[in-house]
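Colleague: I would like a close look at one part of this model. Please take me through the chain that interests me and how it meets its partner.

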Amino acid sequence: MSTSTPTAAQVPADTAPAIPASTAAKKQLTSRWASAVALIVALVWTIPTFGLLISSFRPEEDVKSSGWWNFFTDPSFTLQNYKDVLSGGSTGESLTTNLINTIVITVPAVLIPISLATLAAYAFAWIDFKGRDTLFVAVFALQIVPIQVTLVPLLQLYVDPPFNLMPLAGRDAPAGGLYELWLSHTIFALPLAIFLLHNFMREVPGELIESARVDGAGHVAIFTKIMVPLMMPAIAAFGIFQFLWVWNDLLVALVFSSPQVSPMTVKLVSLVGQRGEDWQLLASGAFVSLAIPLVVFLALQRYFVRGLLAGSVKG
Amino acid sequence: MTTSEKFFHMAIAVLLFYGVMAAILLLTQRLRSRNGERVQAAAFLGPSLALIGIGLLYPAGVTIYQSFFGAAVFDPPFVGFDNYTALFTNSQQLTVLRNTLFWVLLTPTISTIIGLVYAVLVDRASFEKFAKALLFLPMAISMVGASIIWKFVYDYKSGESTQIGLLNQILSWLGIDTYNFLLEPPWNTFFLIIILIWIQAGFAMTILSASIKAIPEDMVEAARLDGTGPWQMFRHITVPSIRPSLIVVLTTITIATLKVFDIVQTATGGNFDTSVLAYEFYRQSFVAGNQGLSATIAVVIFILVVPIVIYNIRQMRKLEAR
């Protein structure tokens, strides 16, 4: 830890100060400038969201006729926008169904790819087989196939699968097409998830695995009894990633979801398109869709950051 | 479909999945021999590889194939490289390419610069954690949500009416003419780019901040004793030390930028010359019904991403070899 300016100033006059007074003054000046710039950036970053939050609590008339900053000079507060958005209300736009759709889409689309990827990552990290490295690099490379490249053929495959399999999309699709959404999100998540979890797994000391093997534990036992508990922080980290990704997704939902299972994002985009003037509904609707990921994110921020760092700064 | 039916299907899907997984693990756990290892590897990897093959490899192949065919729902004609020629000559498509170029040049650099400067500024400050959280928060917000937030900021009311958009209100407080931010090309594209910068700067800041904290303390201390000023410190110590992370951040944001679709869709719907490759793909495929051209665009996005990734793989190998 560097000597901070206040402590330098508190140093009694008779002992030689660690930092000359001129340097200390300069440092204080720079740090004051630094704090000011940081403060401005932080304000610019926060004000847009703050404005939306204020708007979502203002009455319809106010939102449409004056800026949200007028709230401070002429405060009027209502929960009507949230009531309208959640229950339909006077405008008949209910987002509750879409909120439920988002939840129903997200839960399996987080659990399934993470479980599959943990298994695959274990095999890549600790089971010896021919062609392992080549296969792993191939999986790593595949994480860059932009999902755009796959969407249309995948949709065709869902609507009209070979061998007379049950179609996952279209009118006869089970659960209104939920299965294809889960499957698609799983597919798109796998390469990155396998790659990240593999990196974490390689950090587990090899001796641990060796000694377990000597004691007669098979791969399944090592995986379930040693690896999964050890990997929980990493799994959580990727879980938050995948959660945010699926919850916030628009493209996959637009392409694959039928109207009856369309998530919040799709609904919000259509609200923007059809009724660009219903600012109060947009504000509260957007905030409803922000609230849950924001809470999850703030609560599990530690893991999320760890996951970010593991994926990006190796070495 | 009722809510309970949806949750019922969700429960079935999850239970079915874990049932099959448990069965696979139970069946293979007794295997110990050399061959057994192979079966276990297959059991662990099989589901993932099958899904990746069916869901990524096969469709990618089909898309490349389709990019050589014209626009027709049934039996589109083979057109060779015509779609590619169209993409690089048609004036509308050239606008799309130009916009994509703006996005890819500006978003990664500006987000990284803001993230880096901010990380340095708040490093070791007493309010560091809180300050970082503020910049980081937009990452949790969907691009749809972010675009709605910024549509409020950019909103424009014509004539003398009261502005409800913050930026235009500031302009009119300053006595400057109000401006319709999302209407006038090419500037509207820059205002859309700001939305993505707003989202990505927090990502850059987090990675770079961790990297800055990993710089050896003695190095910083030695430089300080030599009388290195803050600017020199930044240029000659901080930036060179975090080079690998800078590259990772730049490439990650570049790839994310190439795929950006949500912001254009939400903020302008691709109107007023704001379309980009990723949005044009969607429009050609699902609105204009030109399967061949949309496949071509998808392939071009892929081609643009490939060199970035090869570079990243090389960096990764280098780090592992160390």
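What follows is a walk through chain B, from its contact with chain A to some individual residues.

Colleague: How many residues does the contact take from chain B and from chain A? Please start there, then go on to the local details.

Modeller: Keep in mind that this is a predicted model. The contact takes 105 residues from chain B. From chain A it takes 116 residues. Together the two chains bury about 9,600 Å² between them. Of that area, 79% lies on carbon and sulfur atoms. The count of salt bridges between chain B and chain A is 0. Polar contacts do occur: 9 residue pairs across the interface qualify, both partners at pLDDT 80 or more. On the chain B side, helix α2, residues 34–66, gives the most, with 21 residues. By class, the side of chain B that touches chain A has 70 nonpolar residues. The rest of that side is 21 polar and 14 charged residues.

Now to single residues. Take B:N83, which sits in helix α3, residues 82–89, of chain B. Its relative accessible area is 8%. Buried means under 20%, so B:N83 counts as buried. Which residues does B:N83 touch, leaving aside those up to four places away in sequence? B:S67, B:F68 and B:F69 are among them. B:G292, B:L293 and B:T296 are also touched by B:N83.

Next, the backbone. The peptide bond from B:P185 to B:P186 is cis. Its omega is near -5°. B:P186 lies in a loop of chain B, between α7 (166–173) and α8 (187–213).

Another loop of chain B deserves a look. It runs between α12 (262–267) and α13 (277–286), and B:F272 is placed there. B:F272 is not a glycine, yet its phi is positive, about 55°. B:D273 is found in the loop between α12 and α13 too. B:D273 also has a positive phi, about 60°, although it is not a glycine.

For B:D273 the value is 42%.

Note on methods:
Residues numbered from 1 in each chain as written. Chains lettered and ligands numbered in written order. Predicted model: local features only at pLDDT ≥ 70, side-chain atom pairs only at ≥ 80, totals over all residues. Heavy atoms only, no water. Helix = DSSP H or I, 4+ residues; strand = E, 2+ residues; numbered from the N terminus. Buried < 20%, exposed > 50% of the residue type's maximum accessible area, 1.4 Å probe, protein only. Contact = heavy atoms within 4.5 Å. Buried area = accessible area lost by both parts, 1.4 Å probe. Salt bridge = Lys/Arg side-chain N within 4 Å of Asp/Glu carboxyl O. Polar contact = N/O pair within 3.5 Å; in protein donor to acceptor, adjacent residues only side chain to side chain. Nonpolar A, V, L, I, M, F, W, Y, C, P; charged D, E, K, R; others polar.
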